[in-house]
Amino acid sequence: MSFNIESYYSGQSKENVILLYKGNVDSDVINHVLDSVEEKMVAVNDNPKLRKKVYNVLVESLQNLYHHVDRVPDDFEDQVEKYGLLVVSRVNGGYKIITGNFVQSENIEKLEEKIKRINRSSHEEIKELYKFILNHQRISAKGGGGLGLVDIARKTGNKLDYAFVQYNNNYSFFYLDILVNEEKEN
Amino acid sequence: MEPIIIEGTPKTPTVKFDAGAGIFEIKGRSIPENSVEFYKPLVDWLESYKESPLTKTTVNIRLEYFNTSSSKCILDVFKKLEAIHKAKNEVEVNWYYEEDDEDMLEAGEDYESIIRVPFKMIEITD
């Protein structure tokens, strides 16, 4: 089997990648990634508004990995507890954030339904959905609030691009492809 | 009541809850992975304060970032304040946001629409 995690994004221009991480997503890794990306954004003098949006989206996407990843398949090369992929690249007018993680086949449908629901909602509907979940859903046993994807869609104003690439019968690798750019009109 | 004073870290906010003055402040970044662990003591403290609050309580929220897991905990804090307000005590929330930070302003407006306590939105311009 020739499963290659990097093939999904390797077609994109490598020189624009400012951060690439593959491996266990724990609290220290999250801190390190946030510091590093923030430093780089300050260094190139991005406007504070964009910087904040990117930072917020990074926090949510990393913590989504932290709280929700399924365990890796038994035959996968890197046997860590919370395997995740993160690629941050600079694109015209903003940043592209790609995350990747394993999802067990039986969990795909639920996740995809959630993304589709967000993607067919207007900005106003997403705001209302956020408030509804905020007010009615408790924090799960895993520690997530169920708000991460909704928040990302709300803050970026962009649709969530995604893909499930089959790894074997029981697992797929899920890519989430987020564009954070300046001056989004609602 | 003993005040709560917590120094901020890169992932958790500075907290000053002073029952004697009736002034409560949360300031900085609130992006911990486990936000319940951080906020539970604050919510418990407010539960005790609720028993004999001052006639006026002022709450200053001055956050630069907060994650969605904190957002639920912050709502729990506001729910305690709502209960104090409902018991005929004056409660006022000052929600600070940095210039042009529409996301933070909108976040304040979300809470304002859920919680029946007067909110004041204050733009920081410096």
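**Close-up views of chain B**

**View 1. Packing of helix α1 against helix α2 in chain B.** In this predicted model, helix α1 (residues 35–49) of chain B packs with helix α2 (residues 68–86) of chain B at an angle of about 0 degrees, their axes lying 9 Å apart; axes are lines fitted to C-alpha atoms, for helices over the stretch in contact, and angles run from 0 to 180 degrees between N-to-C directions. The angle makes α1(B) roughly parallel to α2(B), a term for angles under 35 degrees.

**View 2. Residues at the contact of α1(B) with α2(B).** From α1(B) the contact draws on B:Ser35, B:Val36, B:Tyr39, B:Leu42, B:Val43, B:Leu46 and B:Glu47, and from α2(B) on B:Ser69, B:Ser70, B:Cys73, B:Asp76, B:Val77 and B:Lys80, where contact requires C-beta atoms, placed from the backbone, within 7 Å. By class, this contact has seven nonpolar, three polar and three charged residues, with Ala, Val, Leu, Ile, Met, Phe, Trp, Tyr, Cys and Pro counted as nonpolar, Asp, Glu, Lys and Arg as charged, and the others, Gly among them, as polar.

**View 3. The elements of chain B.** Three helices and six strands are found in chain B, in the order β-β-β-α-β-α-β-α-β from the N terminus on; helices (H or I, at least four residues) and strands (E, at least two) are DSSP runs. The C-alpha trace of chain B spans about 35 × 25 × 25 Å along its principal axes.

Residues are numbered from 1 along each chain as its sequence is written, and chains are lettered from A and ligands numbered from 1 in the order in which they are written. Local features need pLDDT of at least 70, side-chain atom pairs count only at pLDDT 80 or more, and totals for chains, interfaces and linings use all residues.

Note on methods: Parallel < 35°, antiparallel > 145°, perpendicular 65-115°, else oblique. Contact = placed C-beta atoms within 7 Å.
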